[in-house]
Amino acid sequence: MKKYFGNNYVIKDLNLEIQDGEFVTLLGPSGCGKTTTLRMIAGFENPTSGEIFIGNNLVFSNQKGINIPPEERNIGMVFQNYAVWPHMNVFDNIAYPLKIRKVPKDEIKKKIERIVEIVKLKGLEKRYPYQLSGGQQQRVAFARALVYSPSILLLDEPLSNLDAKLREEMRFEIKEIQRKLGITVVYVTHDQAEGMVMSDRMVVMKDGVIQQMGEPLEIYDRPKSKFVADFIGISNFLKGQVLEAKDDVVKVRLNELEEKPELEALSSIEAKDKEVTVVVRPEDIVINQNASIKAKILKRTFLGDVMNYIIVSNKAKLRVEAPKYQILEEGSDIKFDIKKAVIVED
């Protein structure tokens, strides 16, 4: 699938299959094409070329002249700004898509009783949006999108307007709702933590192109490129000189560090070049006076659950996450080892 605006492409070449009941997150920086992809699935934007299926139903095809309107695609959608009706109470907001489908009143009541239980709005049916918190308004938007049992739920950065604590709580609630209902979800966000917590699979995008797809742990532990490693989590990047390569394990020398240590690194690419980029996560650096690589602590920051250090070894600066009880003074000499490293494409 492709999408162009004039001579500028937004989606260069997208080929994505999502399984029934799967929670898939489209993740990437602003302008990468993730929201445009969601809007094309919904029918609010038309691809320049390609086809879109929802289940076995072809809802868009340029070649075949098919373009099913959004209201006939049986999708639910939740937007960033909630979009709840201010003049309607919770019950009427949730009932609205059922009423326009001419569902009988008794059935509407049964469906709303079930969905308010699932989204934790029971007892609030008569309240108006101004009487609700941001989190409760967001639940109303979820309930309204789910009440008519859509084939797929599309979520466009639905938590970005909530405060940090509520946003974290809602991540788990959305995932729990999705599991209870067994519904297919496509979720758009630029927040890597949301993608990691909620997804069965993540799709990392850049400039309208999928950079990597996979389970959150796979993408975090085995990023294929420097971009993915930098976008998903925190990374230290070092240049490594290849000494030996066998299958997906490569022996490299890190010339930028003191003592020029040699270590084995996982590799998702063919590491035949003499110089490669090595990714080291902050939690994979272990400070220990019995370790082998010398360094000095430049800065210490307490982050609550961990102690964050900026260290320098030779000319390389590295970020380290250590246990919060491992308190070391700025300016002190230390030693460290690297537990794990991955070679990526530049």
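With which residue does glutamate 22 form a salt bridge? In this predicted model, local features require pLDDT of at least 70 and side-chain atom pairs count only at pLDDT 80 or more, whereas totals for chains, interfaces and linings use all residues. Residues are numbered from 1 along each chain as its sequence is written, and side-chain values use heavy atoms, with hydrogens and water left out.

Glutamate 22 pairs with arginine 201, the closest N and O atoms being 2.6 Å apart; a salt bridge is defined as a side-chain nitrogen of Lys or Arg within 4 Å of a carboxyl oxygen of Asp or Glu. Because glutamate 22 lies in the loop between strand E2 (8-11) and strand E3 (23-27) and arginine 201 in strand E10 (residues 201-206), the pair ties together parts that are 179 residues apart in sequence. Helices (H or I, at least four residues) and strands (E, at least two) are DSSP runs, numbered from the N terminus. Both glutamate 22 and arginine 201 are buried, where buried means under 20% relative accessible area, exposed over 50%, and partly exposed in between (1.4 Å probe, protein chains only).

By this rule, 16 salt bridges are counted. One of them joins glutamate 173 to arginine 139 at 2.8 Å, N to O. This pair connects helix H5 (residues 164-181), which holds glutamate 173, with helix H4 (residues 134-146), which holds arginine 139, across 34 residues. Glutamate 173 is buried at 17% relative accessibility, and arginine 139 is buried at 12%.

Aspartate 221 and lysine 340 also form a salt bridge (3.3 Å, N to O). Aspartate 221 is partly exposed at 24% relative accessibility, as is lysine 340 at 26%.
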